[in-house]
Amino acid sequence: MSSSSYTLLTNSPDKLESSITIRDPPSPGAMNNSNDTLKKKYVQIAFAVTLYWFVSITMVFLNKYLLSSNNVKLDAPLFITWYQCVVTVGLCAILGNLNKRLSIVSKFPTFKIDLKIARDVLPLSIMFVAMITFNNLTLKYLTVSFYMVGRSLTTVANVGFTYLMLGEKTSYKALGCCGLIIAGFFLGIDQENALGTLSMFGAFCGVASSAFVALNAIYTTRCLPCVDNNVWRLCLYNNFNACILFVPLMILFGELSPVLNYSKLFNLPFWFAMTMAGVLGFSMGYVSGYQIQLTSPLTHNVSGTAKSYVQTLLAVIIYTETKTSLWWLSNVFVLGGSGLFAHVRAKEMKRNHNTDNNSTTSLPK
């Protein structure tokens, strides 16, 4: 934008030079450029949100297909989860070796396994293995439509563990939101049971999954310094450790025999579906970060909440399920409580940030 400056000078030595700056009104061309930039930004945001929704929803339905479909019929959830970790390590290796050749992956860390770092990350990896195991077991034994409510206590667990382990207190408003989520969870359990589609083991796995998601978040914060705060390096070491940790678990729970005797063990469509599930799981880290980068953490949470509702609707339609009014109300409680919790915490963080800035910039009297 151009500007014109007019300076008024006086010849008297005891006068100060004064300057008046007059800005020209924006030209039509500049306004068009601004509008084009804004449109481009909106298109990027729409693409990021759509990509996040597509990857997340597709991953849930694909995992449900692998875990409990009549077409697959492989009762080995630990093996399926282990293979997805193997795919993630393989993708980390490929991208890490291409980071100096392709600019699009130039920020991806070079593939290297340091056993000392792997050992330091091990506590997080144990939480990670428990989290993804219970997550997949929840998806195996609960319907996709109830999957969101079944894992809805993550926010509540996060509040509890941050207080017990970190000593951080939560406001009464945020706790009220948690109460809404808990009410929605138990109402959903009651209604799913009344419909005859509830698995108590699946519900237990949902609660366990919620707890380990919260613990995983806390341990992630603790272990990030071990990998120079590089999220992708942490992803590599986490999945590398998980590949090892899952082996004794598969042996302990007797999954080797079903896998070795599986009729589709050399079936290409089966392995394609398994590999795509691993690729989608790996991609979730990227698309989540991409959405946050173009919007904000609060918008990401709102988008995730809306995505969960759409995912529930799709599941009811695809599997031709019939639900009661109270069942839908339980979903509204959970989604409403989660959305309000994100809003309340965002406002509290902003207020605390402004308070810290004011206390830092205030001058001593």
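The protein chain exposes about 21000 Å², and carbon and sulfur atoms supply 64% of this area (accessible areas come from the Shrake-Rupley method with a 1.4 Å probe). The model is a predicted one, in which local features need pLDDT of at least 70, side-chain atom pairs count only at pLDDT 80 or more, and totals for chains, interfaces and linings use all residues. Residues are numbered from 1 along each chain as its sequence is written, and side-chain values use heavy atoms, with hydrogens and water left out.

Of the 365 residues, 41% count as buried, that is, under 20% relative accessible area with a 1.4 Å probe, protein chains only. The chain has 12 helices and two strands; these are DSSP runs, helices being H or I of at least four residues and strands E of at least two, numbered from the N terminus. Along the sequence, the pattern is β-β-α-α-α-α-α-α-α-α-α-α-α-α.

The second largest pocket has a volume of about 300 Å³. A pocket is an open set of points on a 1 Å grid over the protein atoms alone where a 1.4 Å probe fits, with protein on both sides within 12 Å along at least five of seven lines; lining residues have an atom within 4 Å of a point. The volume is the space filled by probe spheres set on the points. Of its 15 lining residues, Leu 78, Thr 133, Leu 137, Phe 253 and Glu 255 lie nearest the centre. Helix 2 (77-98) and helix 3 (115-141) each give two or more residues to this lining, and helix 3 supplies the largest share, six residues.

| Lining class | Number |
|---|---|
| Nonpolar | 11 residues |
| Polar | two residues |
| Charged | two residues |

Definitions and conventions:
Ala, Val, Leu, Ile, Met, Phe, Trp, Tyr, Cys and Pro count as nonpolar, Asp, Glu, Lys and Arg as charged, and the others, Gly among them, as polar. Buried means under 20% relative accessible area, exposed over 50%, partly exposed in between (1.4 Å probe, protein chains only).
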